[in-house]
Structures are given as C-alpha cells and as structure tokens.
Amino acid sequence: MAARKSVKKPNVSADELKEYYREMLLIRRFEEKAGQLYGMGLIGGFCHLYIGQEAVVVGLEAAAEEGDKRITSYRDHGHMLACGMDPDGVMAELTGREGGYSKGKGGSMHMFSKEKHFYGGHGIVGAQVPLGAGLAFSDKYKGNDRVTFAYFGDGAANQGQVYETYNMAQLWDLPVIFVIENNQYAMGTSVQRSTKSPALWKRGEAYGITGEEVDGMNVLAVKEAGERAVAHCRAGKGPYILEVKTYRYRGHSMSDPAKYRTREEVQKMREERDPIEQVRDMLLTGKHASEDDLKAIDKEIKDIVSKSADFARTSPEPALEELWTDIYDEA
C-alpha cells in the first residue's frame, strides 16, 4: 500500500472529529449495503452510490444550521443521511416499501423530508438547480436568514438552466450555495474531455458570483469553505459557488462497469486520499480516539445499517390505493 500523506492538525474538537468520522462511515456502510441489496434484486431501477464522496455532505452539513435547506440530484442517499433522515426510511424507499420516505412510490430518485428540509432527489440532470434558487427566493422573501444548498455534478454544470439560474440568483441576491460535486467523470466522460473550461466555479465570475475550489476528500476543508459560503449568504451578499473536487469509487450507477478509468487510478485514490481514512488517522495520531473506540463506532454503524436492511425487507409493499394519494389533481 502506498504511503498515506500526513494530515494537518484538525481545527475542531475531538468530539466533532469523531462525529464526522461516524457520519461518513454511516454513509459508506449504508451505500455498501444498498449495493448488496441491489445485487440481490431487492432494489430495482437505478441506484447511484455515494461511496468516496462522503466528506462533501458531512462537511457542508457541519456548516449548516437548523432550517437551512438542501436539494440535489439522484445520487442522494448520502445527503439524506447527513441531514439526519432515518436510515430505515431511506432504505425502505430504495426497496419500494411502505415504510419508505415516499411510501415506496419514489425509489432512489424521489425522496423528500419536509421535517429535515430535504427537497430531493431529482432524476432530470440539472433540474434541481433552479428549484434550489426557488427555495432560496422563498427564504429571502420571508426574511428568515436561511440558506439553501443546491448540489449538482460536473456533468450537470454544462446545462443551460444552471447559467439562467446563476443570473437570477445574482440579480436577486439569493441566499443559495451552488455546490458542484465534481467527481471528475459525470456519467462516464472525464471533465477534461467534456469541458473546455474545467475550473467550473469560475464560470460564476461572468455573473459576479463569488466562488472557490475545495478539496472534497477532506471533510475539514469542506467545512471551512462551507462556513465561508454560509456567512456570505447570510450577510445578504447573494449566491456563492463551491466546486468541491471529489471522487466516486463506484461507477455512475450500479449498472456501470466504469471501464473509462483504470483500477489502479481508483486504488490510488482509496489508498492516498480516502476521506474516512484521513479522519481516522487524525483521531489515532492525535490520540483523540483509540483503536477500540473506532471499532465500537464501526460496530454501532454496522448495527444501524443491518437494522435498516431488515426494516426494508420486512416492510410491506404499498397498497394499491396508495397510487391515488399524494397527487396534485384527482380529477
């Protein structure tokens, strides 16, 4: 195994660091279990895993406050868990069961939680970006000092609706943070091949939007950048762009063999820059936690994920009459 780079001393408390470790580990183990259930045929349709990108949502949620909103695309399980949604409800929705967040009718791409201010989960590439600006417009109209995190990927960054939204957001000084989760491959084409100007955050400069690039494999770097972006928005200075450079270990979806990159490239990223291992190293080298402490956290997480899988398996399928609920027009 290649030597891991040394990690700088954390600027957070030991308890905070352990919580970030726990939250990232929950997402990692949950997604691994979801992949297993997909392979068993218990999850149908599409399934886009977040393995490798855990530091992005955990870092930004650490910068958020109660009442802040978040909206994203179909690679959304990690976002749900990071904002506090119940793993049982998330896994049950993935398997199309009654106990899921959308009562088994939405699946992986269409989950919402009004209580946790999570507004999806959207299957159309880039569609969540203008919707995120709409959420921010609502908060500005109400004058409630809330911020919206609108997540999208490097593939969606070339969508025209993104730039229409940039223009409106800056024109109206909306409190929205545009988070570009640049995992470098979109659906399967590298950003170098698909994008003439690969510094995606700089595209906001044409509209006067402040932004920056962030190491998305380092949860503390993401948190610090998130705090800057949140402070900017809460001060009434308009939108902010964070291009978070991250990396997914699996294919675009469970059906993607990811032949557009080498195994060696993925392995190198895992060995040298894994976000969870970086925090694990900080906890151990800083004597903030022992090996036994981390084993206890790992066991706790495995129990939570196993419970969610059992709940998903045993929850009944939606009744036929559920087709007629939660719709806009019954005529």
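Which backbone nitrogen lies 3.0 Å from a polar atom of the side chain of Glu243? In this predicted model, the backbone nitrogen belongs to Trp201.

The chain contains 11 helices and 5 strands. Its radius of gyration is 19 Å, close to the 20 Å given by the globule rule for 331 residues, so the chain is as compact as a globular protein of that length. The C-alpha trace spans about 60 × 50 × 40 Å along its principal axes. Of the 331 residues, 53% are buried. Contacts between residues at least 6 apart in sequence join, in 75% of cases, residues at least 24 apart. The accessible surface of the chain comes to about 15300 Å², and carbon and sulfur atoms account for 52% of this surface.

Glu243 is located in strand 5, which covers residues 240–245. Glu243 is buried but has no salt bridge. The nearest side chain of opposite charge is that of Lys245, 4.6 Å away; a salt bridge is counted within 4 Å. Besides the backbone nitrogen of Trp201, 3.0 Å from a polar atom of the Glu243 side chain, the side chain of Asn182 makes a polar contact with that of Glu243 at 2.9 Å. With residues up to four places away in sequence left out, Glu243 touches a set of residues including Ile180, Pro198, Ala199, Leu200 and Val214. Glu212 and Glu213 are also among the residues that Glu243 touches.

Apart from neighbours within four places in sequence, Ser315 is in contact with Arg97, Glu98 and Gly99. A polar atom of the Ser315 side chain lies 2.9 Å from the backbone nitrogen of Gly99. Ser315 and Gly89 are separated by 226 residues in sequence, while their C-alpha atoms are 10.0 Å apart in space.

Lys103 forms one with Asp326, with the closest N and O atoms 3.3 Å apart. Lys103 is in the loop between helix 4 (87–94) and helix 5 (128–142) and Asp326 is in the segment after helix 11, so this pair ties together parts that are 223 residues apart in sequence. Lys103 is partly exposed at 32% relative accessibility, whereas Asp326 is exposed at 59%. The side chains of Lys105 and Glu322 form a salt bridge with an N to O distance of 3.2 Å. Lys105 lies in the loop between helix 4 and helix 5 and Glu322 in the segment after helix 11, so the parts tied together by this pair are 217 residues apart in sequence. Lys105 is partly exposed, at 36% relative accessibility, while Glu322 is buried, with a relative accessible area of 17%.

Another salt bridge joins the side chains of Glu32 and Arg29, at 3.2 Å from N to O. Both residues lie in helix 1 (residues 14–39), where Glu32 and Arg29 are 3 residues apart, about one turn of the helix. Glu32 is partly exposed at 26% relative accessibility, and Arg29 is partly exposed with a relative accessible area of 24%. Arg29 and Glu32 are linked with Asp298 and Lys302 in a network of salt bridges.

Terms used:
Residues are numbered from 1 along each chain as its sequence is written. This is a predicted model: local features need pLDDT of at least 70, side-chain atom pairs count only at pLDDT 80 or more; totals for chains, interfaces and linings use all residues. Side-chain values use heavy atoms; hydrogens and water are left out. Helices (H or I, at least four residues) and strands (E, at least two) are DSSP runs, numbered from the N terminus. Buried means under 20% relative accessible area, exposed over 50%, partly exposed in between (1.4 Å probe, protein chains only). Lys and Arg count as positive and Asp and Glu as negative; His and the chain ends are not counted. A polar contact is a pair of N or O atoms within 3.5 Å; within protein, one must be able to donate a hydrogen and the other to accept it, and residues adjacent in sequence count only if both atoms are side-chain atoms. Contact means heavy atoms within 4.5 Å. The radius of gyration is taken over C-alpha atoms; the globule rule is 2.2 Å times the number of residues to the power 0.38. Accessible areas come from the Shrake-Rupley method with a 1.4 Å probe; for residues, only the protein chains shown count as cover.
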